[in-house]
Amino acid sequence: MEMVKTMGETKWDILYDPKKKSLFSRIEEFAINTYFSDVFVKAILSASKIKSGKIFEPGSGGGMACAKFAQKGFEIISMDLSENALKKGKELFNFLSLDGKFTLGDLFNLPIKNNQFDVVFNQGVMEHFRLAKMDAPAGVKEMMRVLKKDGTLVILVPAYFSPLYFIYKFFKFFNLLEKYWPYTDQDFLHKHELYQMMQKAGCKNITVRRLWSSFFFSMIGYCKKIDEDE
Ligand SMILES: C[S@@+](CC[C@H](N)C(=O)[O-])C[C@H]1O[C@@H](n2cnc3c(N)ncnc32)[C@H](O)[C@@H]1O
């Protein structure tokens with residue numbers, strides 16, 4: 001395993017600092033580890049229809065979905081803005097004796113050449129940009145750039161009117177967000193919002209749907225890269 005380069009501290013480093021971990025983050029991590037990462041991996045493999053190859057996750061956090069792919073024999077490149085997140089992912093890979101590459105980097109400016117991967121995906125990342133006034137389609141475009149021709153882009157985000165949405169609203173109503181919710185820029189996407197984010201990035205033949213197997217928590221969007229120049 002290798003750490004490619006280093007950057008300064010981000011708000012995500014604080015989130016992934018083991019000493020500052022909130023109860024919500026612990027519950028979320030437990031749920032993703034024990035159930036949701038399997039659901040995400042199945043959905044990604046069903047969208048991409050591949051059995052081997054190179055998979056890249058920009059915004060990999062603790063690397064739980066990446067670890068599931070590595071266990072299935074895929075070549076994994078895990079990237080995050082946060083050194084603490086990458087550290088956590090590396091620890092998980094070491095604990096499970098898995099191989100993978102870990103890169104520190106920004107998905108809006110990927111430190112990677114064009115046309116490299118069979119699948120580029122992320123989960124729980126692209127919903128953090130709109131409220132922070134960042135251009136999410138520009139990030140999607142970068143993800144498309146590093147996909148091989150015929151490779152698959154998959155984006156998973158929390159869905160509007162999902163169970164998490166109602167929990168979020170409850171916390172918001174009782175002014176508990178600041179104390180208990182780990183994300184200041186949380187967004188829940190309608191189907192058409194994820195579709196438009198991908199369309200603005202130049203994606204074609206896009207499919208967006210609710211992921212029933214995630215108990216409606218997630219919206220999944222995917223498409224193939226048709227041309228090498230996309
Ligand atoms: C809510 S976490 C989700 C992590 C993981 N995908 C999961 O499902 O557990 C969002 C992750 O995206 C990362 N992130 C946010 N902005 C990023 C950016 N511009 N480039 C790369 N990673 C980013 C954060 O550091 C964080 O690890």
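Visitor: Which residues surround the ligand, and what makes a residue count as near?
Guide: A residue is near if its C-beta atom, placed from the backbone, lies within 6 Å of the molecule. 20 residues surround the ligand, and the closest are Trp12, Gly59, Gly61, Leu107 and Gly124. This is a predicted model, where local features need pLDDT of at least 70, side-chain atom pairs count only at pLDDT 80 or more, and totals for chains, interfaces and linings use all residues. Residues are numbered from 1 along each chain as its sequence is written.

Visitor: Why is phenylalanine 161 called exposed?
Guide: Phenylalanine 161 has 11 C-beta neighbours inside 10 Å, so it counts as exposed. The cut-offs within 10 Å, with C-beta atoms placed from the backbone, are 12 or fewer others for exposed, 20 or more for buried, and partly exposed in between. Phenylalanine 161 sits in the loop between β5 and α6 (163-173). Its phi is positive, about 60°, although it is not a glycine.

Visitor: What makes phenylalanine 216 partly exposed?
Guide: Phenylalanine 216 has 15 C-beta neighbours inside 10 Å, so it counts as partly exposed. Its place is the loop between β6 (207-211) and β7 (218-224). Phi of phenylalanine 216 is also positive, near 70°.

Visitor: Which residues of α4 are buried?
Guide: Asn84, Ala85, Leu86, Lys88, Gly89 and Phe93 are. Helices here are DSSP runs of H or I with at least four residues, strands are E runs of at least two, and both are numbered from the N terminus. The buried residues of α4 pack against α1 (11-15), α3 (64-71), β2 (75-80) and β3 (101-104).

Visitor: What span does α4 have, and what is expected?
Guide: Its 13 residues, 83-95, reach 18 Å from first C-alpha to last. The expected span is 1.5 Å times one less than the number of residues. For α4 that is 18 Å, and the helix comes close to it. Serine 97 follows α4, with a positive phi near 55°.

Visitor: How do you know that β4 and β5 pair?
Guide: Strands pair if DSSP finds at least two bridges between them. 6 bridges join β4 (residues 117-123) to β5, and the two run parallel.

Visitor: Why is β5 called mostly covered?
Guide: 9 of the 12 residues in β5 (147-158) are buried.

Visitor: Which residues does isoleucine 155 touch?
Guide: Contact means C-beta atoms, placed from the backbone, within 7 Å. Leaving out residues up to four places away in sequence, isoleucine 155 touches Phe121, Asn122, Met126, Val140, Leu194, Met198 and Gly221.

Notes:
Two residues are in contact if their C-beta atoms, placed from the backbone, lie within 7 Å.
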